[in-house]
Amino acid sequence: MKVHEYLKTVEEQIRCKSIWEDIRTELLGHIEEDTEYFRRKGMSREEAVERAVEEMGDPVETGIELDKVHRTRLDVKLLLFFIGIDLLTVVLAIAYFKGEMPDDVSKYMLWRGTGLFFLLMFSFGGYRKEYFSKPYQLWLLFFIISAVFMMISVFGGAAVEDSGFHLTDMAYQTMLFSNVAGFGGLAFYYRKGGYGEVRRLLAIAGVVCLLSMISRQYFFTFMVVLAHVIILTIAVRRGWFRIKRREFLIKLWSLPGLLALFGVPMVYRAIRDHRIAQSVRKYLDMDDTPGMLLRLFGSAGILGIFVMILLIIGVFLWMLYDIRKLTNQYCNIICTGVLTAFSMMVLYSLLAMMGFGDISQVFFPFFSVNRFSNGGALYLYYILLGTFLHMHRHDKVLPKAELPTKRAA
Amino acid sequence: MEANKLDKSLLSGSTTLLLLQLLSEREMYGYEMIETLRDRSQNVFELKAGTLYPLLHGLEEKGFLEAYEREAGGKTRKYYRITKKGHRHLDGKKEEWETYETAVRRVLGGPAYEGS
């Protein structure tokens with residue numbers, strides 16, 4: 001049997017194509033070593049190669065065994081858990097409106113359904129390395145998604161007090177947060193670079209932060225800045241760039257530090273004017289999960305709110321624990337980006353609840369019954385969850401060296 | 001005894017133990033593991049590459065091993081090293097093996113072994 005025939009037969013048994021190249025390189029290396037060994041024993045080149053291939057064993061058996069190891073497995077328990085949490089909020093909405101569903105609630109159910117479709121689509125989707133092999137494709141994807149969600153916000157969103165812009169709608173805000181996961185992917189691509197690559201990443205983050213300023217909501221922009229700084233810090237601390245880490249991180253964190261200082265008088269004024277309590281009461285009057293629980297179950301609803309808060313904290317802690325187990329750095333940073341995006345949504349929602357943002361755009365992942373944005377915010381939430389499951393599924397099978405660095409490209 | 005005359009099932013149950021033991025001593029690439037195993041066992045353990053690589057990939061998937069590429073002599077080879085989890089697994093496997101070995105010896109040696 002010829003070498004290429006042996007390798008082809010092995011590959012044909014393995015369903016996960018993204019691992020083919022890695023396996024081919026390893027097996028070919030082994031055949032070459034064995035060929036040299038037989039050459040030293042006095043065999044001709046042809047004889048040595050033939051013997052080396054023979055020594056490898058049955059290619060079909062080898063391929064089948066490798067296929068068993070490299071099969072992508074969707075974490076069904078995790079998927080069912082996410083869907084289960086979702087069903088809880090749907091059941092709550094049905095119980096709250098008692099069948100007399102206003103038009104937007106029926107739409108809401110439709111959005112949930114479409115969202116679940118997105119979740120499954122992103123979870124099961126095949127991995128395509130070419131999507132990520134050139135950063136301009138990521139850029140293009142980012143701008144297309146931005147444009148789509150801007151349009152959703154303009155035509156479907158509610159105007160925000162004081163700003164007059166429709167663009168501040170939750171769908172667009174969520175989109176900017178979810179960009180953090182993509183930013184992690186770009187950081188991975190530019191790893192092994194120096195200050196030039198880091199400046200490029202800062203420029204990308206800068207554009208996103210500028211886009212966030214269109215909302216004219218100070219705390220929202222602050223969250224977007226913070227999310228990007230967190231991802232870049234993780235990348236730098238992992239030693240991905242040839243830079244003076246400590247010096248760079250001090251400079252990097254000086255920006256959110258400075259912004260936080262500006263925020264202190266705003267928080268002080270809000271406390272002095274008792275705006276926080278008023279704002280929280282206003283939020284509880286809304287048809288979101290806490291308000292619905294209180295109106296459905298009275299004082300027992302407080303316990304329900306408490307349980308749901310514990311549930312969110314539990315899910316977040318579990319996600320953090322799970323991310324630490326991911327061995328593939330690419331999957332790891334993308335999932336970290338997803339968790340950061342969810343965390344920023346929670347932080348922003350808490351601030352909005354306290355009167356530092358638009359109260360109608362509060363959206364707690366795994367918790368809120370969001371009925372804004374024509375489902376846009378929900379779709380992004382599901383896409384992020386789907387991305388998390390997808391990366392989780394591919395962590396063990398994605399070859400470590402598959403995604404090229406800028407240098408290799 | 002010739003390797004091909006040895007019952008293969010005797011080897012298959014202990015291959016993981018042998019590989020982890022080799023890698024606990026130093027980092028190695030696939031071909032090197034087969035050679036070392038053959039030399040140390042005086043040609044008793046002749047592991048095929050087709051058996052070795054699925055096993056190595058499986059151990060990596062379970063987190064017992066880590067793989068990385070290293071260039072040596074103009075060739076890029078995929079090296080494997082044992083992880084902390086792998087060390088713990090190896091200790092467990094060694095204990096299992098010792099229990100098994102003692103039990104087999106006791107049966108084969110009969111009452112004489114029991115007393116020794």
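User: What does the accessible surface of chain A come to?

Analyst: Accessible areas come from the Shrake-Rupley method with a 1.4 Å probe, and for residues only the protein chains shown count as cover. For chain A the accessible surface comes to about 19,700 Å², and 64% of that surface belongs to carbon and sulfur atoms. The model is predicted, so local features need pLDDT of at least 70 and side-chain atom pairs count only at pLDDT 80 or more, while totals for chains, interfaces and linings use all residues. Residues are numbered from 1 along each chain as its sequence is written, chains are lettered from A and ligands numbered from 1 in the order in which they are written, and side-chain values use heavy atoms, with hydrogens and water left out.

User: How many helices and strands does chain A have, and what percentage of its residues count as buried?

Analyst: Helices (H or I, at least four residues) and strands (E, at least two) are DSSP runs, numbered from the N terminus. Chain A has 17 helices and 0 strands. A residue is buried under 20% relative accessible area, exposed over 50%, and partly exposed in between (1.4 Å probe, protein chains only). A contact means heavy atoms within 4.5 Å. Among contacts in chain A between residues at least 6 apart in sequence, 73% join residues at least 24 apart.

User: Which residues does Ala52(A) touch?

Analyst: Ala52(A) lies in helix 3 of chain A and counts as buried, because its relative accessibility is 0%. Residues up to four places away in sequence being left out, Ala52(A) touches Ile31(A), Asp34(A), Thr35(A) and Phe38(A). The C-alpha atoms of Ala52(A) and His30(A) are separated by 8.6 Å, the two residues being 22 residues apart along the chain.

User: Which residues make the nonpolar surface patch?

Analyst: Patches are made of residues with over 30% relative accessible area and no salt bridge; like charges are joined within 9 Å, and nonpolar side chains (Val, Leu, Ile, Met, Phe, Trp, Tyr) within 5 Å. Here Leu303(A), Phe306(A), Val307(A), Ile309(A), Leu310(A), Ile313(A), Leu317(A) and Leu320(A) make a nonpolar patch of about 780 Å². One of these residues, Val307(A), belongs to helix 15 (residues 300-325) of chain A. Val307(A) is partly exposed, at a relative accessible area of 47%.

User: How many salt bridges are found over all chains?

Analyst: A salt bridge is a side-chain nitrogen of Lys or Arg within 4 Å of a carboxyl oxygen of Asp or Glu. The whole structure holds 16 salt bridges over all chains. One of the pairs is Lys78(B) with Glu26(A), with 3.9 Å between the closest N and O atoms. This pair joins two chains, because Lys78(B) lies in strand 3 (residues 75-82) of chain B and Glu26(A) in helix 2 (residues 20-40) of chain A. Lys78(B) and Glu26(A) are both buried.

User: Where do the residues of pairs within one helix lie?

Analyst: Glu55(A) and Arg51(A) form a salt bridge whose closest N and O atoms are 3.4 Å apart. They lie 4 residues apart in helix 3 (residues 45-55) of chain A, so about one helical turn separates them. Glu55(A) is partly exposed at 24% relative accessibility, and Arg51(A) is partly exposed at 32%. In chain B, Lys93(B) and Glu96(B) meet in a salt bridge at 3.9 Å, N to O. These two are 3 residues apart in helix 5 (residues 84-115) of chain B, so about one helical turn lies between them. Lys93(B) is partly exposed at 23% relative accessible area, whereas Glu96(B) is exposed at 52%.

User: Which strands of chain B pair with strand 3?

Analyst: Two strands pair if DSSP finds at least two bridges between them. Strand 2 (residues 65-72) of chain B runs antiparallel to strand 3 of chain B, with 8 bridges joining them, and Glu71(B) stands opposite Thr76(B). Strand 1 (residues 28-29) of chain B also pairs with strand 3 of chain B in the antiparallel sense, over 2 bridges; Tyr29(B) stands opposite Tyr79(B).
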